[in-house]
Amino acid sequence: MDAEQRTANGGDPQEELSARLRLIQELSGLGVRALARDTGLSSSSLSRYLSGQTVPPWPAVIALCRLVKRDPRPLRPLWERSSNPLPAPPKASRQMQPRPRNDLPRDVPDFTGREAGLAAVLAAVDSHRAVAVDGMAGVGKTCLAVHAAHGLAADYPDAQLYVDLHGFTEGREPLDPDSALRMLLGALDVPSEKVPQEGVEQLAACWRAELAGRRAVVVLDNAADADQVRPLLPGAGPSVVLITSRNRLLGLDEVPPVSLDVLSPQESAELLARASGDPGGPEGRLAREPESAAEVLRLCGHLPLALRLAAARLRHRPGWTVGILVERMGQGASEFDTAFAMSVKQLDRAHARLFRMLGLLPGGSFDEYLAAAMADVPLYSAREMLEDLVDAHLVQQPTAGRYRLHDLVHQHARRACAEQDPPAERERALGRFLDYYVHAAAAADAAMPVLSPGRSPSAGRPPAELPRFADKHTAFAWLVAEYEAMIAAFETAVAVGADAHVCELPRFLRAYFARRCGTTHLNHLFERSLAAAERLGDPLQLAEAYSDLGFARYNAGRTADAAAAYEAAGLRVSQAGDVRAEAELALRRGYLRWDEGNAEEPLELFGLAGTLYEQADCPTGAAHAAAAEAWAMLQLGQRDQAARRAREVLDVPHADPAWPPTLTARITLGVALADEAPEEAVEHLHRALALAREDGHMNNEAWSLNCLGVALRRMGRYEEALASHREAFALLDELFEDHWKVRFLNGYAETCRLAGLPEEALRLHRQALELAPRLGYRYEEALAHEGIATVLDETDPTAAAEQRAAGQAVRRELDPVAY
């Protein structure tokens, strides 16, 4: 039955097309990256074509067919039936799909006028899938773009994203495209391993590929210029983008502009009436005092922001006449200053002080906890004052629990703080801002036990109240919401020379980076932390900074650099005399030495780490070390010892069933018991797999699946084992994670060999042999040589002997004494 018949009989044409493309990949004998290179396609796009997430353009199908010398024409009917703008259905392997992301600020309830502007925006989106709204500050660009985005949301259900590019925020640099792209990819829940580690062009390509299969609306607010925006534009696909800027973005020829002027007198009067709650008609205040009402419009310059500020005064003071409002507005230097000065003058001393303190923030959104810390007031007081400032239109509330200042309001508050608050008070407020983020990030990090436990922060003083994190999910949600602000806090700490905060803040973002942002930015942060530690001259800070930098290097695949950093950390940690820092370094060095191919030394290092953690009275750290020790024992063939150690780890109580030591222990037990207790082994591995999926950690899911494949192979259940390996590698292909692939290729190959698939086994061993030397995995390199030899024993004994000798040579390099 051909593809067209299958489709007519109810099959999914997109799944069938992706299956055909995977057959082409198998014929080519190439991995995803090599196949992408030889066909001139983006590797991220190709991965989506092969997984069925995105329908490829027809030229991509032609390129793939030509590579394996196949005629593409039989695939044309199937491709045509597959081509549609809807996203691919969710994967069956995902138990829980995340809800579509909606970051749009609230739509204003009093949106007024702008019929022509709104029509122009929607027409540009319809014709070009993009629009750039420009105009002077306060003219309502963001309001129009957000209103349009809310109207488009139903037609773009996969995501509604918003990013403030801070092109005109006083006191901070515009958001660079690299950071903006990482934020956008993070908002789409793109796994960190799939995000390119560096290079704006690579990030932009990944962003375009992710949008290609989605219907998303993206608002890029406050763009500085065309260069800032260009990498953020979507490519092929249905998604749309709405841009705002104070400048006409002349460099974006492909994006139609819509320029906003001030409101017309009629629109201004309507907005003032609606925002002030004026009932209208002859009984309304505005109708009774038409001359005064016209003067308010003039003083506000017909600008929506200034009109809303003025209207707020009337709404909350029913006893005022419009003439009183005009008198109170006074004669400001501009329509902005007139409206702001009038609004701020109505604040009592506490409200005015909080407003000025908020001007010290480097822009972006914030919550009531930060406001309380900045102003050094109780949380309930900060909450009440923020609500009053929202009512006065001096503070915006884009989403529940989050606040922000319009750039013009932020500028006014910043200037007022500089004029009215003494330098010592401003310095103390800025210190409380930095203290808050270090201690709040530490609290969130403690609720996400991804890594060995960190110490409590020593920089600054903890605020009176911190957010409470019920579990790792609420902690991660907070880190996502606060990420931009924390990076701004880090940059502020660098700028003011707060070296202790520069040292500590990145330490409490490790779990976040492990789950979201990859390693490039973390390496950059730890490089600067090391420089701060050197300025401080504290041996412990310096030891931890070198250790953290080594860990970041290790996660980036830079094993030689990681080893050098760990060596430097070792010299300092003995000088510092801190047992916990020594334990953490031993654990990290064990991971590195294992990946480098050393077998015995990692086991000793994991044991040392456990002993040191116990001395430091840190049971959670000891559990991490014990789990690593059990896994190392298993790899050395010490199955009984590994099983005993793993059971000890499972006896350590912890609130999170997906806690990393528990997951490692269950996987270790599953493989260790495969021969003598197969039912219990499979139960442990299925439990580990369920935990990884529930946790949303795709690397751990792939690890569990591959180990399940190994256990099933040892039970002789080859078909089930192959299915488990294949599912694992489908995930790894999606993640582009060579570090993880190289760990499992040889085991997968062995399963293929025993299942009667020698050619597939040979291909996988050779893929491992290609990756292992480049990544520094010498032990896997030796296993690949030996695996190839085993496959070739029956067909080419000479070649087999050569491969076996090569494997022995690698083993001698790793352990000259044993060989």
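Select Arg432 to begin: at a relative accessible area of 17%, Arg432 is buried (buried means under 20% relative accessible area, exposed over 50%, and partly exposed in between, with a 1.4 Å probe and protein chains only). Arg432 and Glu425 form a salt bridge, and their closest N and O atoms are 3.6 Å apart. The term salt bridge stands for a side-chain nitrogen of Lys or Arg within 4 Å of a carboxyl oxygen of Asp or Glu. Side chains of opposite charge can pair when their charged atoms come close.

Before you move on, a word on what you are looking at. This is a predicted model, in which local features need pLDDT of at least 70 and side-chain atom pairs count only at pLDDT 80 or more, while totals for chains, interfaces and linings use all residues. Residues are numbered from 1 along each chain as its sequence is written, and side-chain values use heavy atoms, with hydrogens and water left out.

A search of the whole structure finds 37 salt bridges. For another one, select Asp499 and Arg535, whose side chains meet at 2.8 Å, N to O. Asp499 lies in helix H24 (residues 499-504) and Arg535 in helix H26 (residues 520-536), so this pair ties together parts that are 36 residues apart in sequence. Helices here are DSSP runs of H or I with at least four residues, strands are runs of E with at least two, and both are numbered from the N terminus.

Next, select Arg714 and Asp675, which form a salt bridge at 2.9 Å, N to O. This pair links distant parts of the chain, 39 residues apart: Arg714 is in helix H35 (residues 698-714), and Asp675 is in the loop between helix H33 (660-672) and helix H34 (678-695). Arg714 is partly exposed at 22% relative accessibility, and Asp675 is partly exposed at 45%.

Now try a group selection: Arg507, Arg510, Glu544, Asp548, Glu584 and Arg588. Salt bridges that share partners join these residues into one network.

**Aromatic rings**

How many aromatic pairs does a search of the whole structure find? It finds eleven. To pair, rings of Phe, Tyr and Trp (its six-membered ring) need centres within 6.5 Å; planes under 30 degrees apart count as stacked, over 60 as edge-to-face and the rest as tilted. Select Tyr483 and Tyr512 to see a stacked pair, 5.1 Å centre to centre with 25° between the planes. Tyr483 lies in helix H23 (residues 472-496) and Tyr512 in helix H25 (residues 510-515), so the pair ties together parts that are 29 residues apart in sequence. Tyr483 is buried at 8% relative accessibility, and Tyr512 is buried at 3%.

Then select Phe433, Tyr436 and Tyr437, which form one aromatic cluster.

Your next stop is Arg215, which lies over the face of Tyr156, 4.8 Å from the ring centre. For a charge to sit over a ring, NZ of Lys or CZ of Arg must be within 6 Å of the ring centre and within 35 degrees of the ring normal.

**Two loop residues**

Select His166, in the loop between strand S3 (159-164) and helix H9 (177-187). Phi of His166 is near 55°, a positive value in a residue other than glycine. His166 counts as buried at 1% relative accessibility.

Finish at Asn222, in the loop between strand S4 (216-221) and helix H11 (226-229). Asn222 has a positive phi, near 60°, and is a residue other than glycine. Its relative accessible area is 10%, so Asn222 is buried.
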